[in-house]
Amino acid sequence: MTEAYIVDAVRTPIGKKNGGLSGVHPADLGAHVIKAVVERTGIDPAGVDDVVFGCVDAIGGQAGNIARTAWLAAGYPEEVPGVTVDRQCGSSQQAVHFGAQAILGGTADLIVAGGVQNMSQIPIASAMVVGQQYGFDTPFGGSTGWAERYGDQEVSQFHGAELIADKWDISREALERWALQSHERARTAIAEGRFDREIVPVGDFTTDEGPRETSLEKMAALKTLTDGGRLTAAVASQISDGASAVLLASPEAVERYGLTPRARIHHLSARGADPIFMLSAPIPATRYALEKTGLSIDDIDLVEINEAFAPVVLAWLAETGADPAKVNVNGGAIALGHPLGATGTKLMATLLNELERTGGRYGLQTICEGGGTANATIIERL
């Protein structure tokens with residue numbers, strides 16, 4: 001049986017809204033990490049079989065198949081194709097899945113998988129805003145089948161996060177404690193240089209902009225997002241800009257190019273859950289991944305679960321029984337940001353480097369996604 005190896009994983013520093021990356025064209029952001037992964041590994045770019053990139057709200061500078069545009073903007077051969085994936089927040093994690101599946105299936109040997117998002121230039125839900133001029137107020141309104149199944153319930157990440165906090169009875173204080181920890185862990189990671197190997201600076205921009213000094217007192221003073229709710233902006237992921245990329249290789253490509261694999265894809269899958277709750281699917285996705293591999297949650301050395309909102313992580317912890325000390329040990333999206341289409345391979349770069357730093361064997365990554373789905377990937381450090 002063949003293997004799909006991770007040879008390298010890189011990311012830009014993550015810029016906050018209207019921050020250090022806000023003026024960079026998405027194609028150039030994508031090109032930057034593509035060039036970095038090609039140059040760092042020394043592969044012949046003509047040997048790449050496909051470029052698979054995640055991106056959400058593919059309009060404007062992100063339209064027209066940004067995977068292909070970014071590859072060409074990097075100056076690489078025209079004969080190498082590209083394809084753009086939209087699995088919402090898990091888009092670039094799905095890009096890794098598609099790339100690894102091609103390698104495992106024997107139809108590819110070398111894949112660049114990644115993602116890009118400039119949320120400063122193209123705000124979240126821009127595609128839906130554009131759709132309004134064509135008479136679509138939401139993606140669901142007007143669908144008879146959707147209405148028969150889900151009625152006119154609100155479909156939004158904010159509503160879903162509140163539902164999760166209510167169902168699992170997670171207090172506002174617990175949410176804010178997790179958010180504070182995210183910032184503290186991220187600031188420590190930056191100070192200790194834990195991200196240095198994965199970050200490829202963009203000009204003079206070298207450091208993630210999101211983490212900040214805050215306190216439970218400051219958070220407690222914020223107004224909730226809805227009257228009577230538990231969520232505030234402090235427990236939500238940040239609007240961000242960034243790009244990330246992973247080089248995946250078959251054993252044949254490893255030998256051909258003299259590469260040194262850093263990890264292998266041990267498992268990949270995706271599962272779905274209630275689209276109204278929207279953000280709870282990492283729970284069944286994790287259970288499925290562990291069942292398929294025969295691993296227990298205690299066998300997992302490190303976890304990266306995207307902090308779209310704090311209740312996503314806390315409900316997942318309650319259901320899986322995972323050790324919080326193994327989860328998002330360098331902070332998460334609440335502190336570091338969530339550049340949508342780029343987040344999947346961004347987290348994978350961090351997971352890979354932290355496994356190497358700590359000597360862990362297995363790392364689990366899972367991301368909640370619009371529509372109520374979640375990807376789960378388990379990697380094994382080599």
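Is D57 buried or exposed in this chain? With a relative accessibility of 8%, D57 counts as buried, where buried means under 20% relative accessible area, exposed means over 50%, and partly exposed lies in between (1.4 Å probe, protein chains only). The structure is a predicted model, in which local features need pLDDT of at least 70, side-chain atom pairs count only at pLDDT 80 or more, and totals for chains, interfaces and linings use all residues. Residues are numbered from 1 along each chain as its sequence is written, and side-chain values use heavy atoms, with hydrogens and water left out.

The chain has 13 helices and ten strands, both taken as DSSP runs numbered from the N terminus (helices H or I, at least four residues; strands E, at least two). Its radius of gyration is 20 Å, close to the 21 Å of the globule rule for 382 residues, so the chain is as compact as a globular protein of that length; the radius is taken over C-alpha atoms, and the rule is 2.2 Å times the number of residues to the power 0.38. Along the principal axes, the C-alpha atoms fill a box of roughly 60 × 50 × 45 Å. Of the 382 residues, 57% are buried. Among contacts (heavy atoms within 4.5 Å) with a separation of 6 or more, 81% join residues 24 or more positions apart.

Backbone geometry comes next. Most residues other than glycine have a negative phi. D57, by contrast, has a positive phi near 55° and is found in the loop between β3 (50-54) and α2 (66-73). A positive phi near 55° is also found at Q88, which sits in the loop between β4 (82-85) and α3 (91-104). Q88 counts as partly exposed, at 32% relative accessibility.

S91 is buried, with a relative accessible area of 0%. Leaving aside residues up to four places away in sequence, S91 touches G54, C55, V56, V85, D86 and G341.
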